[in-house]
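Please open the structure in a viewer and keep the sequence beside it.

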Amino acid sequence: MNPMMAAKAYAAVQGGAMPTGLSGAAAAPGVGDGGFADLVKGAMTDMAQQSRAAEMRGRQRLETGAVALLATLTPEERKALTPLLQRKGSARRDAARHDGSG
């Protein structure tokens, strides 16, 4: 993402305005950029933190839902799911594609 796009994205997320008084030099951070490089760095750091937090919330919801679903299964149903749940990473995705569910 170029610095100008990062600043615009940050401003949109924060509900604020773009920095004013930026000249053509601001599109390429460097000497005399009026702190624009720091703004972009801060924006990217904030967006990365927000992304990690969103990922953790999603993961927590998924895990909680999976546990709740598995709790409703009979022992026979859980036993039938055992081979699927024991697969790791790409092997699980590959099997899902071959089963027609992916």
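The stops below go from the whole chain to single residues.

**The whole protein.** Begin with everything selected, bearing in mind that this is a predicted model. The protein contains four helices and zero strands, and its elements follow the order α-α-α-α from the N terminus. Of the 102 residues, 12% are buried. The accessible surface amounts to about 7,700 Å², and carbon and sulfur atoms account for 59% of that area. Consider next the contacts between residues at least 6 apart in sequence: 49% of them join residues at least 24 apart.

**Colouring by confidence.** Now colour the chain by pLDDT. The mean for the protein is 76, and 68% of the residues reach 70 or more. Helix α2 has the highest confidence, with a mean of 90, whereas helix α4 (residues 89-98) has the lowest, with a mean of 70. Then select residues 22-29, where pLDDT stays under 50. For this stretch the model has seven contacts beyond four places in sequence. Where pLDDT is low, the predicted coordinates should not be read in detail.

**Helix α2.** Select residues 36-71, which form helix α2. How far apart are the end C-alpha atoms of α2? They are separated by 52 Å, which agrees with the 52 Å that its 36 residues should span at 1.5 Å a residue.

**The buried residues of α2.** Within α2, select F36, V40 and A43, which are its buried residues. Centre the view on V40, a residue of helix α2. V40 counts as buried because its relative accessibility is 11%, below the 20% cut-off.

**The salt bridge.** A search of the whole structure finds one salt bridge. Both residues lie in α2, four residues apart, which is about one turn of the helix. An α-helix has 3.6 residues a turn, so residues three or four places apart point the same way. Are E55 and R59 buried, partly exposed or exposed? E55 counts as partly exposed because its relative accessibility is 46%, and R59 likewise counts as partly exposed, at 42%. Both values lie between the 20% and 50% cut-offs.

Methods
Residues are numbered from 1 along each chain as its sequence is written. This is a predicted model: local features need pLDDT of at least 70, side-chain atom pairs count only at pLDDT 80 or more; totals for chains, interfaces and linings use all residues. Side-chain values use heavy atoms; hydrogens and water are left out. Helices (H or I, at least four residues) and strands (E, at least two) are DSSP runs, numbered from the N terminus. Buried means under 20% relative accessible area, exposed over 50%, partly exposed in between (1.4 Å probe, protein chains only). Contact means heavy atoms within 4.5 Å. Accessible areas come from the Shrake-Rupley method with a 1.4 Å probe; for residues, only the protein chains shown count as cover. A salt bridge is a side-chain nitrogen of Lys or Arg within 4 Å of a carboxyl oxygen of Asp or Glu. pLDDT is the predictor's confidence in each residue, from 0 to 100. The expected span of a helix is 1.5 Å times one less than its number of residues.
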